[in-house]
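Try each task before you read its solution.

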Amino acid sequence: VTHNFNIGVTTVTYQIEDVNGNVSTCSYDVTVEDNTAPSAVCQGITIFVNPDGSTYTLNPSEVDGGSFDNCGIGSMTVTPNTFDCGDAGTTSNVILQVTDDSGNISSCAAPVTVQTMQLSPSFSIGLCGDDNLNLFSNAPTGTFSYVWSGPNGFVSFDQNPIIANADATYSGTYVVTVTGLTGCTATGAVTISINAAPNTPNAMVADSEICSNDDIVLTLIKN
């Protein structure tokens, strides 16, 4: 008889009967122990902290590179697991501890590089020349002060500044720096090209002679 035993103690009862129907039984305990530690596998990671000074909490799964166990993993923890702007620009090891269902423990070290969030500012402008140029910092959630700089000596302290009647002289790279309450900063840049002249369409009539009630076909020619 084949039987798969689970981890722990299982009572097995053995019964034998002779040809005359006489029966005898005995019992014994089978103890199955898992003494094999799990295999902890780590991977390095780069995390991005918010420049507002808030704390980034590292999840064990972020540095787990495929840890496994012969019976099953019960839990994983990572230490240290909190980072903020004061850690920006550093790389340090964290310890991933893997515990299986039987309490066996294994651990490994994973390098964690900390950087501040990278800003990705954007812009919008109308289809015609000399329209307003709208700049967007796209900063993360938080409380910040803002500093913009750009062509023509442009400076602004607004989160999303507007440049009225922007012409080709406002083409170039705009840089925004945000500063959180703790003094942590993040910077981003966007490059903008503005046409020198208004994009005025030219309309052409396909036919040289137009009669009353005739259809007029207009062709748009882009500058």
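Before you start, one term: a residue is buried under 20% relative accessible area, exposed over 50% and partly exposed in between, using a 1.4 Å probe and protein chains only. Keep in mind that this is a predicted model, where local features need pLDDT of at least 70, side-chain atom pairs count only at pLDDT 80 or more, and totals for chains, interfaces and linings use all residues. Residues are numbered from 1 along each chain as its sequence is written, and side-chain values use heavy atoms, with hydrogens and water left out.

**Exercise 1. Burial of a tyrosine**

Work out whether tyrosine 146 is buried or exposed.

Solution. The relative accessibility of tyrosine 146 is 10%, so this residue counts as buried. Phenylalanine 144 has a relative accessible area of 12%, so it is buried too.

**Exercise 2. Aromatic pairs**

Solution. Start with the rule: rings of Phe, Tyr and Trp (its six-membered ring) pair if their centres lie within 6.5 Å, and planes under 30 degrees apart count as stacked, over 60 as edge-to-face and the rest as tilted. For phenylalanine 144 and tyrosine 146, the ring centres are 6.4 Å apart and the planes sit at 70°, so the pair is edge-to-face. Next comes phenylalanine 154 with tyrosine 174, at 5.7 Å centre to centre and 70° between the planes, again edge-to-face. To place that pair, you need strands: helices (H or I, at least four residues) and strands (E, at least two) are DSSP runs, numbered from the N terminus. Phenylalanine 154 belongs to strand 12 (residues 154-156) and tyrosine 174 to strand 14 (residues 172-180), so the pair links distant parts of the chain, 20 residues apart. Both of these residues, phenylalanine 154 and tyrosine 174, are buried.

**Exercise 3. Disulfides**

Solution. A disulfide is a pair of cysteine sulfur atoms within 2.5 Å, and the structure holds two.

- Step one: cysteine 42 and cysteine 108 have their sulfur atoms 2.0 Å apart. The torsion about their S-S bond is about 85°, so this disulfide is right-handed. Cysteine 42 sits in the loop between strand 2 (23-32) and strand 3 (45-49), and cysteine 108 in strand 8 (residues 105-116), so the link ties together parts that are 66 residues apart in sequence. Cysteine 42 is partly exposed at 23% relative accessibility, whereas cysteine 108 is buried at 16%.
- Step two: cysteine 85 is joined to cysteine 184, S to S 2.2 Å. With -75° about the S-S bond, this link is left-handed. Cysteine 85 is in the loop between strand 6 (82-83) and strand 7 (91-100), and cysteine 184 in the loop between strand 14 and strand 15 (185-192), so the pair ties together parts that are 99 residues apart in sequence. Cysteine 85 is buried at 14%, and cysteine 184 is buried at 11%.
- Step three: number the bonded cysteines in sequence order, and the pairing reads 1-3, 2-4.
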